[in-house]
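Dear colleague,

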Amino acid sequence: MIGGLFIYNHKGEVLISRVYRDDIGRNAVDAFRVNVIHARQQVRSPVTNIARTSFFHVKRSNIWLAAVTKQNVNAAMVFEFLYKMCDVMTAYFGKISEENIKNNFVLIYELLDEILDFGYPQNSETGALKTFITQQGIKGQPQTKEEQSQITSQVTGQIGWRREGIKYRRNELFLDVLESVNLLMSPQGQVLSAHVSGRVVMKSYLSGMPECKFGMNDKIVIDKQGKGGTTDEPGKSELGGSGKQSIAIDDCTFHQCVRLSKFDSERSISFIPPDGEYELMRYRTTKDIILPFRVIPLVREVGRTKLEVKVVIKSNFKPSLLAQKIEVRIPTPLNTSGVQVICMKGKAKYKASENAIVWKIKRMAGMKESQISAEIELLPTNDKKKWARPPISMNFEVPFAPSGLKVRYLKVFESKLNYSDHDVIKWVRYIGRSGIYETRC
Amino acid sequence: MEWASQLCENRGLGSKMTDSKYFTTTKKGEIFELKAELNSDKKEKKKEAVKKVIASMTVGKDVSALFPDVVNCMQTDNLELKKLVYLYLMNYAKSQPDMAIMAVNTFVKDCEDLNPLIRALAVRTMGCIRVDKITEYLCEPLRKCLKDEDPYVRKTAAVCVAKLHDINAQLVEDQGFLDTLKDLISDSNPMVVANAVAALSEIAESHPNSNLLDLNPQTINKLLTALNECTEWGQIFILDCLASYLPRDDRESQSICERVTPRLSHANSAVVLSAVKVLMKFMEMLPKDLDYYGTLLKKLAPPLVTLLSAEPELQYVALRNINLIVQKRPEILKHEMKVFFVKYNDPIYVKLEKLDIMIRLASQANIAQVLAELKEYATEVDVDFVRKAVRAIGRCAIKVEQSAERCVSTLLDLIQTKVNYVVQEAIVVIKDIFRKYPNKYESVIATLCENLDSLDEPEARAAMIWIVGEYAERIDNADELLESFLEGFHDESTQVQLQLLTAIVKLFLKKPTETQELVQQVLSLATQDSDNPDLRDRGYIYWRLLSTDPVAAKEVVLAEKPLISEETDLIEPTLLEELICHIGTLASVYHKPPSAFVEGSRGVQHKRLPPRTGSGESTETPDVGQSGPSEAPPAVIPSQGDLLGDLLNLDLAPPTATVPSVQPSMQMGAMDLLGGGLDSLLGGDIGGSPSMGAGLGAAPAAMPASLGSAPAVGGGLGDLFDLGGGVGMPTGSYVAPKTVWLLAMKAKGLEISGTFARRGGIIQMDLSLTNKAMSVMTDFAIQFNRNSFGLAPAGPLQVLTPLSPNQTIDVSLPLSTSGPVMKMEPLNNLQVAVKNNIDVFYFSCQYPLSLLFVEDGKMDRQVFLATWKDIPNDNEAQFQIKDIHLNSDVASNKLQGSNIFTIAKRTVEGQDMLYQSVKLTNGIWVLAEMRIQTGNPNYTLSIKCRAPEVCPFVYQCYELVLKN
């Protein structure tokens with residue numbers, strides 16, 4: 001298991017060092033600094049073996065977190081734990097920075113003592129941790145026996161992510177369907193790969209221990225119901241793109257609150273949610289994706305010292321919807337000496353430091369088209385190496401889910417308390433963002 | 001220390017501490033100040049002081065001198081302060097054992113506290129204090145805490161047992177903590193179960209045969225129930241533990257799989273990977289014709305793909321594992337090529353891994369897409385990545401024949417870019433393509449020749465020279481080209497020198513008239529001006545070959561080369577099996593067995609996949625025990641470092657205690673038969689394989705003995721065995737008389753006869769050299785071709801005096817088994833080259849397999865039983881040994897002399913059954929059962945082995961030994 005955990009600043013000075021196992025010595029702290037942080041070349045692997053000791057590291061801004069071991073540990077678990085550690089720290093004191101870590105080092109040691117025992121990760125849900133590890137020192141002393149056992153049963157219990165006795169005057173929940181649509185397109189407009197990775201993020205402000213059931217237009221569920229004869233009213237296509245009723249989900253993963261065996265057998269998503277914000281599920285689709293934009297590049301080399309670039313973008317969704325924060329990034333060769341740009345809409349600028357022309361459009365409605373043309377002057381070089389022509393990338397945000405996913409319902413049941421599903425105020429929002437949205441040129 | 005002060009400043013505490021001068025004082029003063037503060041009456045001040053001590057400790061300052069003062073702060077009702085003091089204690093108790101004892105009382109008291117959080121804290125901390133005296137005091141409180149009413153305390157106590165075991169294993173056993181821990185598996189609280197499982201698994205690792213986990217269907221059921229309820233981490237512990245269970249039959253295996261599959265949808269990637277591990281392992285047991293088997297295969301793909309949308313570090317772990325899974329079960333991801341396409345922003349370690357998997361998944365169906373991608377990658381910036389992409393194009397050409405032409409033209413395009421390292425890499429792979437498809441793409445040679453000058457890496461130069469030599473007749477100015485290399489001959493690396501020598505000799509044999517001068521020049525450079533023995537030897541051999549018999553020289557040097565194989569970087573099957581059992585762990589990331597990087601006993605156990613028990617297929621695969629795509633027996637496949645191995649920059653020396661490894665350090669140019677590959681026989685490196693030099697030397701993969709983890713078998717069967725009268729003294733191994741191996745008429749007067757012997761663990765080749773010619777023979781040397789068991793001369797052939805006409809010399813040549821390995825037909829065939837001042841001669845002989853039976857081949861009875869059962873019946877071979885008039889004791893004595901060990905004897909109805917084991921030098925075990933019926937001169941011999949092809953040869957040995 002994990003033998004020790006170190007946190008370093010960008011200079012390699014150790015900020016936190018906690019050793020869990022006898023086989024990890026103080027020299028391990030230095031070994032990582034010397035061999036990884038101070039290494040000359042770029043990091044070639046997140047796992048490094050130095051003198052039979054393995055180091056796992058992740059970086060958050062300029063802070064290094066490293067877990068050390070001499071055993072054959074579960075590597076996936078170690079990384080998941082490091083990410084979790086980051087989440088917990090963020091939940092406690094915000095951004096992970098040198099200053100925050102120094103200011104909270106006692107808290108961090110306390111957390112590390114709690115969530116890692118002899119190198120074995122323990123309950124690391126912030127909801128539970130915050131009941132007994134607080135920044136103001138433990139409120140431990142005046143606690144009653146009931147309170148104490150409530151804490152311990154929550155930390156070790158089946159529903160470790162939620163505490164009993166939560167009360168809200170207004171029961172409310174927010175569902176955000178956040179999708180990132182990824183595309184790699186050939187210069188000829190052929191889709192090389194496209195997929196949507198989506199997340200359903202829920203913010204719940206619900207009293208008691210509510211039992212929730214979440215439904216979406218999952219093809220498997222809809223087809224099953226269709227066969228049973230009890231079809232829900234056909235979902236009207238309110239959103240952009242095609243009006244398809246159901247979508248094929250390639251794969252999905254759930255927050256630990258979701259009963260996986262139930263999903264496996266009935267494909268129904270039921271759970272008792274954590275309080276506040278959390279990620280209910282992640283999913284991935286590859287079929288029938290609505291690609292919100294099409295990029296048509298045209299690059300022409302005029303002699304050795306000039307390039308002509310023309311890029312057309314076309315929006316491909318319902319005209320009533322508006323895409324925002326559109327940005328097209330057109331890479332330019334390293335030996336660019338000057339650029340002249342003309343664009344129909346928005347603003348375009350050549351950014352020498354980024355080796356790219358950046359074209360920004362604030363808003364664009366569906367089924368529209370816009371164009372940019374640029375003349376790039378090049379310095380003559382004797383460099384034989386050809387320009388690699390990185391792909392043209394795009395950023396945007398659209399108010400629909402490019403996968404076609406729709407939330408059908410989210411039902412809330414709380415038998416003990418006095419509120420029903422109808423009393424819960426529910427909000428649903430769809431945001432589609434560009435992931436890696438590239439067109440080769 | 002500085003930031004400890006900042007901390008105080010930030011919180012506006014301690015006016016004295018904010019004084020900046022304070023920090024410029026010497027260390028001594030600093031400690032002194034802290035001491036005063038620690039003993040202050042004010043609680044807040046005390047606490048701040050402890051915080052400062054902890055801060056100093058973190059940055060590596062020695063604050064152990066404050067031990068008594070800090071421990072004094074321990075008795076407090078402030079939990080935060082208490083935790084800080086505990087933290088300090090854990091760090092320094094070991095260096096101050098006598099003072100640490102001061103803390104015991106508080107610990108014991110805290111273990112009785114009303115607050116469960118404090119009880120747990122005390123037991124958690126005590127376990128981290130590695131002082132013997134404290135450990136003694138820990139037992140009673142721990143016992144109580146293991147049965148505490150509060151689950152939080154119990155789950156902490158469970159881990160504490162593992163801590164205690166790490167300090168003093170005997171104590172844990174004596175105190176009966178292991179039983180209490182086992183009871184916790186049935187605890188009502190899922191987290192207690194999970195921690196108990198984690199602790200037990202860890203303890204079990206250091207007691208390989210203890211049967212500590214005692215997994216049976218009931219406990220498995222409990223674990224599966226807890227699996228649904230515990231934290232994500234607990235699920236990982238439980239799944240990892242489940243993976244070590246061996247279901248009794250395919251039905252149990254299926255029912256576990258069914259209950260594990262829901263985990264594939266967990267948000268935590270480690271849970272998913274551990275579930276994949278369980279499924280991959282248990283799937284082995286399912287009959288392939290079962291519907292469920294297909295369903296399971298389909299269910300595995302999506303979660304694996306989803307892992308690729310995780311954070312990059314996890315993607316890396318996932319990709320390394322997918323690399324294994326794709327080798328083991330290519331069908332799972334064969335349609336998912338696209339997800340492995342490299343993204344522009346992927347970190348380099350993700351890019352390189354994806355590339356590796358892309359090549360593995362490349363097939364006729366997707367090759368066009370793959371090639372388009374690879375071409376794209378070859379224009380990136382990262383040199384390693386580009387090189388690998390170019391190499392990958394070559395590998396595609398070799399793997400998918402239909403694509404070869406497109407690959408070659410892509411490579412030509414890349415050569416046109418004139419980017420130095422791209423050109424060099426392309427030339428290296430084109431050479432491999434030539435070897436795979438001879439006489440097909442030679443039209444590109446002209447383009448290659450244009451780039452001769454830009455090649456500055458030895459590998460590329462050697463490849464180019466090989467091409468020029470090989471196709472000398474089609475290149476008009478081949479002589480000029482080679483001559484140009486010759487100018488700086490002595491500055492070249494050995495690889496290039498050797499290649500140049502061979503190439504010029506080839507050229508000479510093809511165009512003798514105009515290149516005589518050139519060949520003489522290179523021969524003299526190689527033999528007279530070089531001090532490299534390999535080069536000189538090769539030079540001399542060519543020289544003599546050319547001067548004595550140019551026709552033979554032509555036959556040898558220009559012989560047809562065998563084609564190179566398609567996949568050269570596959571992980572050797574037994575290692576792959578072991579790594580599959582380690583999915584998700586570091587071993588799967590390094591692609592090395594845990595014994596290669598873990599010290600001590602932990603994890604050294606070799607894990608294996610369970611044998612298939614399904615009734616649906618009994619004859620489908622003869623090598624069910626090995627399973628997977630093992631086209632050749634495990635022991636004779638030369639494994640090779642993964643292309644990436646060296647990129648990991650591992651510092652993994654091969655462990656000293658591993659089983660003798662049989663792999664050669666590198667696989668040179670595919671198969672080299674003696675007739676054609678003179679060069680390779682003599683230590684050269686002509687030819688090449690697609691992966692030649694790619695990641696060589698990086699992976700000291702040890703051959704797993706694969707028996708270490710055989711499950712212990714209950715005692716019930718043990719008493720069947722009865723050694724009876726025991727075994728007497730060994731009588732020494734049998735040595736066959738010498739036979740003539742090389743006839744004088746075929747070897748210009750040299751006659752060689754010989755035999756093999758194993759004496760005191762040393763393998764020897766006894767030779768008699770007779771000179772039947774008219775002239776004196778000198779300068780004897782011997783070489784072996786690669787062979788099935790890596791036999792190689794351990795020293796030079798010691799013929800000290802010249803061999804006069806009609807004289808015979810007897811020499812004994814010690815052999816080692818660390819030479820390069822290649823499977824021979826028949827298995828025990830050995831091809832030998834002997835040279836003397838006259839010529840080089842070749843012959844082949846066969847050695848008795850008993851040569852390779854090692855002295856420690858006596859298997860433990862239990863292990864024997866388990867292994868016997870474990871080896872599928874298809875691997876069993878039966879033989880009759882006729883006309884033996886020995887009783888069983890004499891027979892077993894005789895056999896023991898040749899390291900065939902009788903482990904047990906049983907008499908049933910006048911029939912003696914002898915159970916015997918043999919271990920080969922490469923770690924292969926052979927198990928045998930010999931039935932001797934009184935009065936019947938015919939023995940029945942049943943042999944079982946994981947590599948069934950050795951069975952007939954073992955039988956031969958039995959016959960030889962028993963009949964002589």
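Predicted model: local features only at pLDDT ≥ 70, side-chain atom pairs only at ≥ 80, totals over all residues.

**The interface between the chains**

To the contact, chain A gives 94 residues and chain B gives 118 residues. Together the two chains bury about 9000 Å² between them, and carbon and sulfur atoms account for 55% of that area. On the side of chain A, the residues that lose the most area to chain B are Arg44(A), Arg52(A) and Asn72(A), which together make up 9% of what that side buries.

Helix α2 of chain A (residues 75-93) supplies the largest share of the side of chain A that touches chain B, namely 8 residues. Sorted by class, that side of chain A has 38 nonpolar, 30 polar and 26 charged residues. One of the salt bridges joins Asp264(A) to Lys299(B), with the closest N and O atoms 3.7 Å apart.

**Chain B as a whole**

Chain B has 964 residues, of which 61% count as buried. Its secondary structure comprises 38 helices and 13 strands. Among the contacts in chain B with a separation of 6 or more, 70% are between residues 24 or more positions apart.

Over all chains, the structure holds 72 salt bridges.

- Asp69(B) and Lys35(B) form a salt bridge in which the closest N and O atoms are 3.1 Å apart. This pair links distant parts of the chain, since Asp69(B) belongs to helix α4 (residues 67-72) of chain B and Lys35(B) to helix α2 (residues 27-38) of chain B, 34 residues apart. Asp69(B) counts as buried because its relative accessibility is 7%, under the 20% limit. Lys35(B), with a relative accessible area of 32%, is partly exposed.
- Glu80(B) and Lys47(B) form a salt bridge with 2.8 Å between the closest N and O atoms. Here too distant parts of the chain are linked: Glu80(B) is in helix α5 (residues 79-92) of chain B and Lys47(B) in helix α3 (residues 43-58) of chain B, 33 residues apart. Both Glu80(B) and Lys47(B) are buried.
- Glu112(B) and Lys144(B) meet through their side chains in a salt bridge, at 2.7 Å from N to O. Glu112(B) lies in the loop between α7 (104-110) and α8 (116-126) of chain B, and Lys144(B) lies in helix α9 (residues 132-146) of chain B, so this pair ties together parts that are 32 residues apart in sequence. Glu112(B) counts as partly exposed, at 48% relative accessibility.

Elsewhere in chain B, a network of salt bridges links Arg387(B), Arg391(B), Glu425(B), Glu457(B) and Glu459(B).

**Asn321(B) and its surroundings**

Asn321(B) is a residue of helix α19 (residues 312-328) of chain B. With a relative accessible area of 0%, Asn321(B) is buried. A polar atom of the Asn321(B) side chain lies 3.0 Å from the backbone nitrogen of Gly584(B). Apart from neighbours within four places in sequence, Asn321(B) is in contact with Leu273(B), Ile583(B), Gly584(B) and Ser588(B).

**An enclosed helix in chain A**

Why is helix α4 (residues 105-115) of chain A largely enclosed by the rest of the structure? The helix is described in this way because 11 of its 11 residues are buried. Its buried residues include Phe105(A), Leu107(A), Tyr109(A) and Leu111(A), and also Glu110(A), Asp113(A) and Glu114(A).

**Cysteines**

The count of disulfides over all chains comes to 0 by the rule applied.

With kind regards

Conventions. Residues numbered from 1 in each chain as written. Chains lettered and ligands numbered in written order. Heavy atoms only, no water. Contact = heavy atoms within 4.5 Å. Buried area = accessible area lost by both parts, 1.4 Å probe. Salt bridge = Lys/Arg side-chain N within 4 Å of Asp/Glu carboxyl O. Helix = DSSP H or I, 4+ residues; strand = E, 2+ residues; numbered from the N terminus. Nonpolar A, V, L, I, M, F, W, Y, C, P; charged D, E, K, R; others polar. Disulfide = S-S within 2.5 Å. Buried < 20%, exposed > 50% of the residue type's maximum accessible area, 1.4 Å probe, protein only. Polar contact = N/O pair within 3.5 Å; in protein donor to acceptor, adjacent residues only side chain to side chain.
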